[in-house]
Amino acid sequence: MLKKDLLDINSLTKEDILSILEEGERMRDAVESGAKSLDALRDRSVATLFYENSTRTKNSFENAARFLGANVVSVSVDNSSVKKGETLIDTGMTLERIMTDAIVIRHEVAGAAKLLADNVKCHVLNAGDGLHAHPTQALLDFLTMKEIFGGFEGLEVAIIGDIKHSRVARSNIEGLKKLGANVRIFAPNTLMPQGIDRTGVKIAESVEEACDNADVIMGLRIQLERQKKGLFPSVGEYVKYYGITKERVALAKKNAVVMHPAPVNRGVEIASDVIDSDKSYIYRQVTNGLAVRMAVLKMLIIGGER
Amino acid sequence: MKLLIKNVVVFGKECDIYVVDGIIKRIAKNVTYNADKTIDGNGLTALPAFVDMHTHLREPGFERKEDIESGSRAAVRGGYASVCCMPNTNPVIDNKCIVSYVVNRAKEVNLARVYPIASITKGMKGEELTNFGSVKAFGAVAVSDDGMPVTSSNTMRLAIEYAKPFGLPVISHCEDFSIADGGVVNEGYHATVAGLKGISRVAEEAMVAREILIAESLDSSVHVAHISTTNSVNLVRDAKKRGAKVTAETCPHYIALTDEEILSYDTDTKVNPPLREERDRKNIIEGIKDGTIDAIATDHAPHHADDKNVEYNYAANGISGIETAFSVAYTYLVRSGEITLKRLSELMTDNPANIMNIPYGELKVGGLADITLVDLDEKYTVDSREFFSKGKNTPFEGKELYGRVKTTVVNGEIKYDKGEIVR
């Protein structure tokens, strides 16, 4: 039984995660067999409230809601009352009063989804808050890993890239630990957050060590503006010491796969030939994202505590 | 005005305190002189009323958060007879007119003594020096650009140099903005887990080091406000060993809380400098024990609920702390066995008053009758709805504390007694 909201992976039990993945598999089977007008959420209303630019996550959530028969209200922050200075809580209460069942929020500040959830009665789904959490991204990553490997126990997952600014990395680390997988991470020192070792991950000393004998190699997006702020010297140097190349993927297990939350900077985090190889599950992740978002919307709105 | 406080504990012994016109005339058992007012001090302990060298009263300009009247009411409820208020008002307290305004307004309110601190630079812009001589002549007791640290090292050097002959303490809010880099909490494990941007301790420590070196080079003094880290304590300790004229304060929240509190995303935990880790908290207490830290100041920073009821990054920094300061310090320092009540009294009264060169109460014949009566054994749960301050922003909400202020006497007059302001 899920709680009212989906705010992060930490507040889910292992059983919660596994039941979401099972529902996600059912959803994936349904949409892939052509059934795109399920009616589980008929007459329900889902609002997306995105304070940060996003096309893929927003579209994924909105399609997920529509496929389940829900009405979708899309609040674009750029031309809403938010720009006129309305507070997050006031915006949330307004959405609640137009009979919204669930609000999907993305926000640049960690804890914003919780602030909203604490102040509205409708369900809140966190689509990314600051550097904190991106639970549906982690869940879709888990669904992808489950599809490939069947389970998580003893799975070796390498996460490589800008760990410091990555809510995807944090949510993956939290969930993979619960599921029994082992996580190793690697990043330039300036993009490695303090105290991350206390979460139980292994910090690799080189990109080669991170890839060695891994089942999954997950690249993280690097925002190229960070180079201008001095966090790494150049794209060339980044690729040389931190890039996921064919040679490095070859160090992993024979049937290892490459994942990335996308959008990917081709030739930076991951070499183009790796992205286009059969090792890459980046596009499979997108479909699993739709499925897992359908699963959590349905489970929260119909089955979640309130 | 004659005041008699009966059967109160004064440094371990029960006796009566007799006050005439603001001066203690007698401390003895069974005093039977005539009095205009008598207080039954049975079960209570008398302390010299506290002196807060770091308060934000918000007036003029931010009266929605606090004003001189509400802040003064909060001060006496917290056991404070004197407060020094910071100049980050609107307009900034950077000239004799605003200094006079604060002084006069506080006199009208007539509860706690209020001593304005003027800014170091005009408008707290970090450029031209405030007229130190003139603001002092009209009642400013120190200078500080609290909250907007003087970025230019040379401007700070000139301020410390120029202030010396005026005898004006220079108080530095130590924060190197370039290192802080927009962070909102202490950098470390809890910031990483919460996904909130961290502030390196070095943002504070680098400027503590700078101020010490500047003051030392000029044989002048400097006071570092609200230090919160292990290495800030180490820097001040080493400087004092060398004979540098540096004094330091910390605040109750750095003694009692750590950055684990931020995991709730409760914006009442947002304060600058941020709550640190357990090892810092322990080293702050060590610094208090060995005399490195001279004073406990409240950094009372009241805010309107609207300033806090927003996303963590956008929430205002600060804790409304003047009404819980004694209880927090008593619970976490004295009750826990770290220091004696006498030492706490020095940290909260004598030392801050001496740094600011202002009068303070002393429990002796001839002493100024600024007296606070506390019930050391009373355990209570913090409820911000009871605050007299307009700011209800406290991370201590719902926490149990010991040692409650019952009565505050300023200059021989009862200003606060049993939950009420006395006029």
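Biologist: Which residues of α4(A) are buried?
Modeller: They are A:Ala112, A:Ala113, A:Lys114, A:Leu115, A:Leu116 and A:Ala117. Buried means 20 or more other C-beta atoms within 10 Å of the residue's own; 12 or fewer is exposed, in between is partly exposed, and C-beta atoms are placed from the backbone. Helices are DSSP runs of H or I, at least four residues, and strands are runs of E, at least two, numbered from the N terminus.

Biologist: Before we go on, what are the ground rules here?
Modeller: This is a predicted model: local features need pLDDT of at least 70, side-chain atom pairs count only at pLDDT 80 or more, and totals for chains, interfaces and linings use all residues. Residues are numbered from 1 along each chain as its sequence is written, while chains are lettered from A and ligands numbered from 1 in the order in which they are written.

Biologist: Back to α4(A). Why call it largely enclosed?
Modeller: Because 6 of its 8 residues are buried, α4(A) is largely enclosed by the rest of the structure.

Biologist: What covers those buried residues of α4(A)?
Modeller: The cover includes α3, β3 and β4 (123–129) of chain A.

Biologist: And α3(A), which residues are buried there?
Modeller: In that helix, residues 88–97, the buried ones are A:Leu88, A:Thr91, A:Gly92 and A:Leu95. Seen down the axis of α3(A), they fall within an arc of 100°, so they line one face of the helix. The arc is that of the directions from the helix axis to the C-beta atoms.

Biologist: What do the buried residues of α3(A) pack against?
Modeller: Against β1 (45–50), β3 (102–107) and α4 (112–119) of chain A. After α3(A) comes A:Met99, with a positive phi near 65°.

Biologist: How is chain A split into domains?
Modeller: Domain 1 is 14–134 + 286–303, and domain 2 is 135–281. The bounds come from an automatic or database domain assignment. The centres of the two domains of chain A, taken over C-alpha atoms, are 26 Å apart.

Biologist: New topic. What is the strand order in the open sheet of 5 strands in chain A?
Modeller: The order is β7-β6-β5-β8-β9, with parallel pairing. The edge strands are β7 (202–203) and β9 (257–259) of chain A, each pairing on one side only. Two strands pair if DSSP finds at least two bridges between them.

Biologist: How many bridges join β6 to β7 in chain A?
Modeller: 2 bridges, and the strands run parallel. A:Ile185 has A:Ile203 in β7(A) as its bridge partner.

Biologist: On to chain B. How many helices and strands?
Modeller: Chain B has 13 helices and 19 strands. Its radius of gyration is 20 Å, close to the 22 Å that the globule rule gives for 423 residues, so chain B is as compact as a globular protein of that length. That radius is taken over C-alpha atoms, and the rule is 2.2 Å times the number of residues to the power 0.38. Buried residues make up 59% of the 423 residues in chain B.

Biologist: Where does B:Pro149 lie?
Modeller: In the loop between β9 (142–144) and α4 (153–163) of chain B. B:Pro149 is buried, because 24 other C-beta atoms lie within 10 Å. Leaving aside residues up to four places away in sequence, B:Pro149 touches B:Ser172, B:His173, B:Cys174, B:Glu175 and B:Met207. B:Glu175 is 26 residues away from B:Pro149 in sequence and 6.3 Å away in space, C-alpha to C-alpha.

Biologist: Last one. How many residues of chain B are in contact with chain A?
Modeller: 16 residues of chain B are in contact with 22 residues of chain A. On the chain B side, helix α6 (residues 189–194) gives the largest share, 3 residues.

Conventions: Two residues are in contact if their C-beta atoms, placed from the backbone, lie within 7 Å.
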